[in-house]
Amino acid sequence: MATFLKKDFFSNNRKKLYNLLEPDSIVILFSADSYPRSGNQFFKFRQNSDIYYFSGLDQEETIVLLHKDTKSETINEYAFITEPDEEILVWTGHKYTKEEVRNISGIENTEYLDAFQKSIKQIINQADNIYYSFCGNIRAGNLKNLSLENLKILISQEYKNKNQIDLDIYSHSLRVAKEKHEIQTIQRACNITGECFSEILKYVRPGVYEYQVEAEITRKLLSLGAQDFAYLPIIVSGRDNCVLHYTTNRKVCNDGDLLLLDFGSELDYYASDVSRTIPVSGKYTKRQKEVYNSVLKVMKQIKQKFVTGNSIVNLNKECGELIQNELLQLGLLKEQDIKKQNPEKPAYKKYFMHGVSHYMGLDIHDVGNRNAPLIPGMILSCEPGIYIPEEGFGIRIENDILITENSPVDLCKDIPIEADEIEEIMNS
Ligand SMILES: [Mn+2]
């Protein structure tokens with residue numbers, strides 16, 4: 001259940017959605033399913049971002065049905081939830097009551113899930129359009145009755161005569177720019193992540209294992225109130241620094257190696273996403289520091305370009321040029337490498353293979369068009385890197401940036417980032 005986001009936020013999101021809908025429309029939002037893990041176990045439940053954004057409901061086997069009835073100028077909102085029975089109460093505990101649904105979401109009418117098909121039949125005749133996410137999540141179908149994904153297919157077939165519209169275009173257009181409460185939540189998530197970083201600087205030393213670092217971060221992150229990691233934490237030392245999405249986290253950290261940490265807390269389902277690269281010994285080698293300062297210099301330059309009207313695609317291009325300059329300085333590229341490069345695959349890509357930015361929000365790689373002009377309220381990662389497998393290390397530095405009417409705001413500005421500062425804390 002959301003800690004900081006309240007009913008008004010979720011009901012206001014629905015109001016914004018109604019403005020985008022055709023007259024006489026219904027919207028169907030499906031919860032995520034519980035994913036089978038092993039045997040009769042499930043993975044930890046994580047709600048679908050859209051149903052959460054429009055209702056705050058954080059429970060599996062939930063459907064929200066919204067009806068914009070233009071003829072009678074009314075909006076009718078329904079939630080369908082699991083009916084708690086003795087067995088559920090004994091094994092998994094409390095499930096939402098109808099009153100709780102109203103308090104969390106502001107949705108007035110709550111029924112049990114088995115009433116859904118009947119309810120939709122009753123209101124469908126008054127609607128010309130059905131909105132639902134065509135893609136949604138690929139769901140596993142191991143629920144005790146009918147998985148919601150199957151139900152969605154059934155509905156799409158049963159109401160073929162209606163105009164079916166992909167909800168994603170509309171829900172995503174709302175989610176992409178964040179409101180005050182969302183920005184505050186992401187700032188809080190960044191602060192928690194920052195506290196974990198500061199603490200871990202004093203913990204890392206030669207001989208420590210990556211999973212021990214992960215354990216320390218997990219302890220701190222949960223103890224500060226985060227519900228979870230926003231994504232699998234990347235705790236990677238040595239040459240594996242260059243593996244972009246390494247999540248094995250099992251190796252010992254050796255003297256002389258760098259440790260790349262890329263993790264973020266998730267708070268009320270909003271993500272933070274931060275990376276730092278620190279020396280295991282507490283001191284960067286001369287070369288490591290040289291490369292570190294190159295990446296940091298690019299970060300400081302490109303950060304200023306996170307402004308209204310720019311786009312992710314263009315930021316990538318601008319960052320590529322900055323990285324290219326640094327690679328020349330570092331002796332990793334020569335002028336002739338650039339002269340003869342394939343413009344489709346510039347030479348700098350050898351050492352900087354990923355983009356500099358992605359949208360952030362309820363999803364760590366949040367919804368949004370990479371070509372679209374940036375607008376105030378958007379939050380994006382800023383994550384330049386240089387990876388040199390032949391020298392046995394790679395460096396990524398990542399902060400989260402809020403787009404405003406004026407200058408970009410760095411939500412991670414208080415997290416130690418200067419090489420000297422990191423060394424000083426590690427040796428204090
Ligand atoms: Mn990122």
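1. Helices (H or I, at least four residues) and strands (E, at least two) are taken as DSSP runs and numbered from the N terminus. In those terms, Asp 24 is in the loop between helix 1 (7-20) and strand 1. The model is a predicted one, and local features need pLDDT of at least 70.

2. Asp 24 is worth a look for its backbone. Its phi is positive, about 55°, although the residue is not a glycine. Most residues other than glycine have a negative phi. Asp 24 has 16 C-beta neighbours inside 10 Å and therefore counts as partly exposed, since that class lies between the limits of 12 or fewer for exposed and 20 or more for buried.

3. Asn 249 can be read alongside it. Phi of Asn 249 is near 55°, again a positive value in a residue other than glycine. Asn 249 sits in the loop between strand 10 and strand 11. Because it has 19 C-beta neighbours inside 10 Å, Asn 249 counts as partly exposed.

4. On the overall layout, the protein chain contains 13 helices and 19 strands. Its radius of gyration is 24 Å, close to the 22 Å that the globule rule gives for 428 residues, so the chain is as compact as a globular protein of that length. Along the principal axes, the C-alpha atoms fill a box of roughly 70 × 50 × 35 Å. Of the 428 residues, 41% count as buried. Among contacts with a separation of 6 or more, 71% are between residues 24 or more positions apart.

5. The chain is divided into domain 1 (7-175) and domain 2 (180-426). Taken over C-alpha atoms, the centres of the two domains are 36 Å apart. Contact between them involves 7 residues of domain 1 and 8 residues of domain 2. On the domain 1 side, helix 2 (49-55) and helix 7 (168-175) each supply at least two residues. Helix 2 gives the most to that side, with 3 residues.

6. Next, strand 4 and its partners. Strand 4 (residues 63-69) is mostly covered, with 5 of its 7 residues buried. Strand 1 (residues 25-30) runs antiparallel to strand 4 and is joined to it by 6 bridges. Within this pairing, Ser 25 has Lys 68 of strand 4 as its bridge partner. Strand 4 also pairs with strand 5 (residues 74-81), in the antiparallel sense and over 7 bridges. Here the bridge partner of Asp 69 is Thr 74 in strand 5. Strands 4 and 5 form a hairpin with 4 residues between them, and Glu 73 in the turn has a positive phi of about 50°.

7. Strand 9 pairs with strand 12 (residues 265-267) over 2 bridges, in the antiparallel sense. Asp 228 stands opposite Glu 266 in strand 12.

8. Another open sheet of 3 strands, also with antiparallel pairing, has the order 10-11-14. Its edge strands are strand 10 (234-237) and strand 14 (274-279), each pairing on one side only. From one strand to the next, the twist averages 10°. Strand 10 and strand 11 (residues 258-263) pair over 4 bridges in the antiparallel sense. Ile 234 has Asp 262 in strand 11 as its bridge partner.

9. Is Glu 335 buried or exposed? It counts as exposed, because it has 8 C-beta neighbours inside 10 Å. Glu 335 lies in helix 12 (residues 335-339). The C-alpha atoms of Glu 335 and Ile 130 are separated by 57 Å, the two residues being 205 apart along the chain.

Technical notes: Residues are numbered from 1 along each chain as its sequence is written. This is a predicted model: local features need pLDDT of at least 70, side-chain atom pairs count only at pLDDT 80 or more; totals for chains, interfaces and linings use all residues. Domain bounds come from an automatic or database domain assignment. Two residues are in contact if their C-beta atoms, placed from the backbone, lie within 7 Å. The radius of gyration is taken over C-alpha atoms; the globule rule is 2.2 Å times the number of residues to the power 0.38. Two strands pair if DSSP finds at least two bridges between them. Axes are lines fitted to C-alpha atoms, for helices over the stretch in contact, and angles run from 0 to 180 degrees between N-to-C directions.
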